[in-house]
Amino acid sequence: MFVLLLLQNAIADVLNSSEWVFPITECFHITAFAWSIGLIALVDFRLLGVGMKRETTPQIAKAVAPWTLLGLAVVLLSGPVLFLSDPRMYLYNPSFRFKIGALLIAIVFNYTIHRKVALSDSASAGVRVLVGVVSLALWISVVFGGLFIAFA
Amino acid sequence: MTGFFTALRGSAYVYPIVLSMHMIGLAFFGGMVLMTDMRLLGLTMRKRSVAEVVDLFRIPKRWGLLLIVTCGILLAGSKAEEYYYNAFFRTKLILLGAVLVHELVFRRGVYANPAALDRTPTVPASAKLAAALSLLLWTSIACCGRGIGYIEPPLDKIHAEIHLVQDAALAALRGPNLLKGEDH
């Protein structure tokens, strides 16, 4: 436990050694979250039947899937770097806890139910709308939680 | 109008909520911009024509932009003076101006007429340039936007300095008259 604590301080020291590490990592985090959540929302809006009627949902979902994954990968790599710069502050921050909870649910939802419905040609309209709304709500919660870390 | 922005500023939660919505708009708009530009660069969705991809993302992109701009105006209006002195905010405005120029230069040839880009075997260099510049500009704008939060202009100090200058100017104007007044 003590070793862990030392290690964590050592990592934080490295990350805080330059005032640029945090903001630059944040820029990657922001650009990548725009990419991934934007593309997930695109599929959600198609599920809801808002726009893009010339393409089917599976077509859109398949086309954007690798890029969503890439965006999520960058988000999930840059996020822990931000976290490790001041772990104790984040751990006790209620917005951060909310965000991580919502993020875990959102990722699991995205790669299970959301993917299944988005790639299916036979899902009923009700299911499609429900899945689209839940997905949007989850990802919006993640963004709100992330932003409120600085305010709460 | 000022009263509305003052109310926005005064509420503890309205500002972060509008900021969160600004970020959601950014996520949506940013995602669409990235995909459009990456397709022009030939890096994504290559099985689909440029026209298909550009058309697919066009309308969602506009909705995202509408949300970002609306929230952005609310945010800027609620902290107008702080932002006026904020170097990142000024840089962001200049970059947004550059985006307008980019739009004027490339809109007709690239984004509004993507079908023409499919007629040649590879995407023309001008379209690739447009895409690269667009990615660079929007990423910089997002980063400047984040940067705004790192600076808190010392308004009290700035106000004190403004008052000093004003007082000096007034003294210079009135000075001789006052002295005359005292003489008599």
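In the predicted model, the contact between the two chains takes 25 residues from chain A and 25 residues from chain B, two residues being in contact if their C-beta atoms, placed from the backbone, lie within 7 Å. On the side of chain A that touches chain B, the elements that give two or more residues are helix 2, helix 3 and helix 6 of chain A, helices being DSSP runs of H or I of at least four residues and strands runs of E of at least two, numbered from the N terminus. Helix 2 of chain A gives the most to this side, with 14 residues. By class, the residues of the side of chain A that touches chain B comprise 20 nonpolar, 3 polar and 2 charged, where Ala, Val, Leu, Ile, Met, Phe, Trp, Tyr, Cys and Pro count as nonpolar, Asp, Glu, Lys and Arg as charged, and the others, Gly among them, as polar.

This is a predicted model, in which local features need pLDDT of at least 70 and side-chain atom pairs count only at pLDDT 80 or more, whereas totals for chains, interfaces and linings use all residues. Residues are numbered from 1 along each chain as its sequence is written, and chains are lettered from A and ligands numbered from 1 in the order in which they are written.

Chain A contains 6 helices and 0 strands, and its C-alpha trace spans about 55 × 30 × 25 Å along the principal axes. Of the 152 residues in chain A, 32% are buried, a residue being buried if 20 or more other C-beta atoms lie within 10 Å of its own, exposed if 12 or fewer, and partly exposed in between, with C-beta atoms placed from the backbone. Among contacts in chain A between residues at least 6 apart in sequence, 79% join residues at least 24 apart.

Helix 5 of chain A, residues 94-118, bends by about 45° at N110(A), the bend being the angle between axes fitted to the seven residues ending there and the seven starting there. The buried residues of helix 5 of chain A are K99(A), A102(A), L103(A), A106(A), H114(A), V117(A) and A118(A), and these pack against helix 2 (21-47), helix 3 (57-84) and helix 6 (125-148) of chain A.

In the loop between helix 2 and helix 3 of chain A lies G51(A), which counts as partly exposed because it has 15 C-beta neighbours inside 10 Å. Residues up to four places away in sequence not being counted, G51(A) touches F45(A), I59(B) and P60(B).

Within chain B, the axes of helix 2 (residues 14-40) and helix 3 (residues 50-78) come within 7 Å and cross at roughly 155°, axes being lines fitted to C-alpha atoms, for helices over the stretch in contact, and angles running from 0 to 180 degrees between N-to-C directions. Helix 2 of chain B is therefore roughly antiparallel to helix 3 of chain B, where angles under 35 degrees count as roughly parallel, over 145 as roughly antiparallel, 65 to 115 as roughly perpendicular and the rest as oblique. The contact of helix 2 with helix 3 of chain B has 23 nonpolar, 6 polar and 2 charged residues.

Helix 5 (residues 87-111) and helix 6 (residues 125-148) of chain B pack at an angle of about 160°, with their axes 9 Å apart, which makes helix 5 of chain B roughly antiparallel to helix 6 of chain B. By class, the contact of helix 5 with helix 6 of chain B has 15 nonpolar, 8 polar and 1 charged residues.
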